[in-house]
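Me: I have a protein model open and would like to learn how to read it. Could you walk me through a few features?

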Amino acid sequence: MLTIPTTAWRGSASVRVLRRLLCRALLSLFFAPLPGAAEAITPGVTHDPAHQLMTIADHGGGLSLRIRYDGRCLLDEVRVGGRNVMADHSGAWTGVKVDGQWLTTLQNLATPIVSTTRDTATIRDLHFTAGRVQFTETWRFAAKADRILWRIERNYLTGGSIDEIALAGWDFADLSTWTGALLGHGGVAWCRLFDQTNATYGVHAGPVTLWNRNESACLRIMPHSPTGGHIATRFSRQPDGVFTLAHALSEDRLVPQHGQRRFLRDRQDVWAPQSVRPGSVAIEFTLQALDYEQAYDRGTLVHFNGAAIREILHTIARIGAIDDEIMGSNGYYSGFAVLHEPWIAQLGLAMNDPAYLQAYARTLNHQRDHAIGPDGRVKSRWSYTADDAMPGTYDAHGYYECQWGWLMDSQPSYTINVAELFDFTGDLDWLRSHQPSVRQALEFLLRRDSDGDGLVEMTSDSHRDRKGSDWIDVIWAAHENAFVNAQLYHALRLWADAEEILGDHDHARGYRERAAQLKARFNAPTTAAGFWDDARHQFVYWREPDDSIHGNNLVVPVNFMAIAYDLCEPASRAQGILDQIESRMQQEGLFFWPLCFDSYQAGEGADWQFPFPVYENGDLFLAWGETGTRAYAAHNPAVAVKYIQNVLDQYERDGLAFQRYLRKTQTGAGNDILANNASTIVGLYRNIYGIQPKWNRLYLEPHLTPELNGTVLKYSLRDQSYEIALHLNDYRIAVDGFALRASTPFALAVDRETARYFHGRGTTPSLTLTRGAANPTEVHLHAWSHDPTATRRWSVTGPLEGTLLEQTLASLPPNTDFQLRRDGVRTDRVRSDSQGTVLLRFPDDGTRARTYALEPLPASN
């Protein structure tokens, strides 16, 4: 993980803001309108020329804007679900900052030309002179059924240097107006983190959805530029407590003013000055008031607090998305992105936001192009500054090698993230673009198996070198490191599958062979040069060339990864490890798993890692929640569910806004807030609910406990909206008018009028149905097996009268006779072809539901 100095959490509310809130409350008490006296908002445009006011409202009544043009021009009221969210004496405006001074539409404007129709309004001839830069603006508004369009056209009459552009700026009342803003690259501007005056965050993304978890309505602002250019967004906490959002439109991508910093704690000049040229630019905002619960409805999450899950995934999970091409776990508040973490793509599984996945694809492209050396070495970190860097390694893009040592888990982490992101996006061309770099990254590590035993070695041979080699960066793991080798095993298997998909069977076979060799040596006892400590019934952390064993203090990530990645064998070992861990958890009454249960030996870590427990020598890091729940899910899902609930309870107490939790007190510590604190929620979705997207299908492998019975999830994948209903041993996926139901794990892919059923983890469809018309169709798999001698039974339900239903069964024994039954009645015999497929075609006769059975017949002599 990232080890940096920690400081105390700063308070987020100033005395001045509290006074202002108190004054507002008192005023609303004494001057509240009488019942029935509230002003009704008329849909469309209402113009009051005498008072130089306009109101524009969408036709659904969710959003209204009030515009003043009385010597200024601004949106002084923006009502979202009836609530005015703008600051007093300000609102939404445009402007520029030149030579350190803002020139805005908030003051000293000549009266513009205004024209209106029932649903449109235009404000022309807004004139500005800022130093040598002169420009005019036209604002155009249009009220639609459920949104309002605001177009700003700016004509630069002269060019010059501009400190900052606001097209437009939004001054919201204070930091309590919104919980935060969901951003167009999958990140978040979390108001909690603007914890002192002038705190500022800048990001190269335009779309914004502002929400308050205690309000029913949220505000979505979607900008685009008809004239082209780059859109960026700045968020700032003003000295008077106002919360400002400012969009910028520039010809070139904005550059951070202070090195790589996107977050400034006490100043607002996050962007470097830019030059403008004479000419016209335009930006158009689509403004919507949305029902927050409806827009972000995750379904019926039985037993768990669905609102808490949603808020974790809207806040903690997203803070690692620093910028459009810079994403990790640590986030913009601390200014680090760690490349040696394998779960960055995986966070998108639970987040379920395509913007996050698209931005992470661009992030991996950036890493491929700038963080990987010609020899395949993947630099382990990115940061605002070189403070954490090994001398001489910090580059112009912000990537570097860590001060604590050469962290080798960046090699498998890059591979794992590429492979898992591909499963979410299904983008074959993108995967192919990473094929050479992933091969380089893997080969760099595989070359470090100097003795050919299957285990790769670190750059340091001894803990006495006092160098870290993986995520646990201030524990001096050396030589053959089980942590890195476990991740390498997982990466090799994932990438072998990717090579198979890309058509390179030779590389796929080679990677699987290396994985098998690694697995055999990994599971060997410590007395035979492996990692298994039979006396302690655990995998040890590392071994050194003198055959000394280190990290036999029940290091949790090492043992969890061995089980979760199917590396541990025989299976009885896994159960023993998990039972031992759970016994220790109950003895101590811990709410979450620590990095290790017992202390390292003196000298095996940095001096300040002692006495035990402290930091990486025994504290609790939520990053391993997904891996832990994966390890327990197949063996004892009730344990996984217990720790998921514990994390949700902890969120309700403190928001999970910490780096870690102290072993002794179980209280949060460290302001390097980690996005991987949401890892346990990823585990809920992946390992308990069983949602595991694959590149061409949605795979479902639940591990439910009785209290989760009846869960219904809403999930989107590649522009399709799924409903997933979960009961014990009864799972159903519905999408695009098809539903498929089974009692065992399966995958489903639907393309227009064709549905494909994949049995278990199979990579090719076992049953394909094509309907003749877009009628709702449900398929229930009653009995299905990979056993060629087994009978397959299924039923099809739907109003299919007058249509043709075509069914193709695959993965059957080739050239084999079968008896087909329809509704229990024998019909024709059918024979599989040389590929092991059988085609059934039936014109529907109006029967709403039919059952089918395909029985293998004895081979004839």
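**Buried residues and salt bridges**

Reply: Happy to! Let's start with Glu-77, which is buried because its relative accessible area is 17%, under the 20% cut-off. Keep in mind that this is a predicted model.

Me: Which residue does the side chain of Glu-77 meet in a salt bridge?

Reply: A salt bridge pairs a side-chain nitrogen of Lys or Arg with a carboxyl oxygen of Asp or Glu. Here the partner is Arg-79, at 3.2 Å from N to O. Arg-79 is partly exposed, with 27% relative accessibility. Both belong to a network of salt bridges that also includes Arg-66, Arg-68, Asp-70, Arg-72 and Asp-76.

Me: How many salt bridges are there by this rule?

Reply: The count comes to 52. Another one joins the side chains of Lys-714 and Asp-297, 2.7 Å apart from N to O. Lys-714 sits in strand β39 and Asp-297 in the loop between α2 and β24, so this pair ties together parts that are 417 residues apart in sequence. Lys-714 is partly exposed at 43%, and Asp-297 is partly exposed at 33%.

Me: Now Ser-383: is it buried or exposed?

Reply: Ser-383 counts as buried, because its relative accessibility is 2%. You can find Ser-383 in strand β28, residues 381-383. Its side chain reaches the backbone oxygen of Thr-385 at 3.3 Å. Leaving aside neighbours within four places in sequence, the contacts of Ser-383 include Gln-260, Phe-336 and Tyr-400.

Me: Where does Ala-657 lie?

Reply: Look in the loop between α13 and β35. Ala-657 is buried too, with a relative accessible area of 0%.

Terms used:
Residues numbered from 1 in each chain as written. Predicted model: local features only at pLDDT ≥ 70, side-chain atom pairs only at ≥ 80, totals over all residues. Heavy atoms only, no water. Helix = DSSP H or I, 4+ residues; strand = E, 2+ residues; numbered from the N terminus. Buried < 20%, exposed > 50% of the residue type's maximum accessible area, 1.4 Å probe, protein only. Polar contact = N/O pair within 3.5 Å; in protein donor to acceptor, adjacent residues only side chain to side chain. Contact = heavy atoms within 4.5 Å. Salt bridge = Lys/Arg side-chain N within 4 Å of Asp/Glu carboxyl O.
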